[in-house]
Amino acid sequence: MATYTFVHFEHEEAAALAGLQSIHYDLWSAIQLCEYFESQCQNGYPPSEITDAFSTAILVRYSRAFVSGVRKGLGEDAMASLSVGQRANHERLRAFRDKHIAHSVNAFEDTKVQARYCEERVQQEGITAVSAAHYRVVGLSSRDVCDVMELCKALLVYVDAKIEEEKKRLLSILRSMPIADVLSRAASPLLVADHSKIGRRRARP
């Protein structure tokens with residue numbers, strides 16, 4: 001009976017594949033969040049807290065695929081795989097995340113300071129109190145959710161093709177290396193959640 005196993009290949013040549021696989025997860029995960037959120041809206045929209053939470057999670061998870069940090073985000077090559085309408089939806093949803101979810105810099109929310117008074121006695125009493133009222137668009141519409149899923153599925157076609165390209169390229173590199181070098185490569189330990197290191201940047205693949 002044959003025993004098939006593996007060795008981790010931690011090498012700069014593997015960074016692109018590791019990044020693409022991570023992006024694949026983000027896009028797939030955004031679809032899962034959208035589908036679950038849709039299921040909660042079958043009988044009307046859920047409470048605003050749920051709508052807000054899922055809208056935030058969906059937009060953040062989708063946007064991770066385009067942000068460079070430890071890994072390289074999707075760029076113009078990926079955008080070129082989208083239709084004109086899909087590209088416009090992408091730009092709109094990214095702006096929603098950047099200008100409303102991550103930062104408070106757009107017209108989707110506003111806070112008005114109010115000088116309160118009694119209309120019948122304002123001349124005698126003047127201003128009696130100060131208050132502040134906050135107004136905002138809570139979250140994604142059903143159309144927005146559908147657009148996110150459509151974009152994720154379209155981009156996954158691109159990402160999956162790139163993953164296959166990288167696998168073939170890396171297999172060629174690995175086969176050109178002495179087998180002893182491949183099998184003896186040191187590997188870092190598997191990920192263990194450590195909240196004491198939450199502010200530390202992780203190493204590149």
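This is a predicted model: local features need pLDDT of at least 70, side-chain atom pairs count only at pLDDT 80 or more; totals for chains, interfaces and linings use all residues.
Is E165 buried, partly exposed or exposed? At 46% relative accessibility, E165 is classed as partly exposed.

First, select K162 together with E165. These two residues form a salt bridge, and their closest N and O atoms are 3.7 Å apart. Both belong to helix 6, where a spacing of three residues separates them by about one helical turn. K162 is also partly exposed, at 26% relative accessibility. Side chains of opposite charge can pair when their charged atoms come close.

Next, select R92, R143, D144 and D147. Salt bridges with shared partners join these residues into one network. The structure holds 11 salt bridges.

Then select E13 and R169, a salt bridge whose closest N and O atoms are 2.7 Å apart. E13 lies in the segment before helix 1 and R169 in helix 6 (residues 142-176), so the pair ties together parts that are 156 residues apart in sequence. E13 is partly exposed, with a relative accessible area of 28%, and R169 is partly exposed with 31%.

Proceed to E76 and R87, where a salt bridge places the closest N and O atoms 3.2 Å apart. E76 is in helix 3 (residues 76-79) and R87 is in helix 4 (residues 84-101), so this pair links parts that are 11 residues apart in sequence. E76 counts as exposed at 53% relative accessibility, whereas R87 is partly exposed at 26%.

Finally, select V7, I179 and L183, which make a nonpolar surface patch of about 290 Å². L183 is found in helix 7 (residues 179-183) and is exposed, with a relative accessible area of 60%.

Note on methods:
Residues are numbered from 1 along each chain as its sequence is written. Side-chain values use heavy atoms; hydrogens and water are left out. Patches are made of residues with over 30% relative accessible area and no salt bridge: like charges are joined within 9 Å, nonpolar side chains (Val, Leu, Ile, Met, Phe, Trp, Tyr) within 5 Å. Accessible areas come from the Shrake-Rupley method with a 1.4 Å probe; for residues, only the protein chains shown count as cover. A salt bridge is a side-chain nitrogen of Lys or Arg within 4 Å of a carboxyl oxygen of Asp or Glu. Helices (H or I, at least four residues) and strands (E, at least two) are DSSP runs, numbered from the N terminus. Buried means under 20% relative accessible area, exposed over 50%, partly exposed in between (1.4 Å probe, protein chains only).
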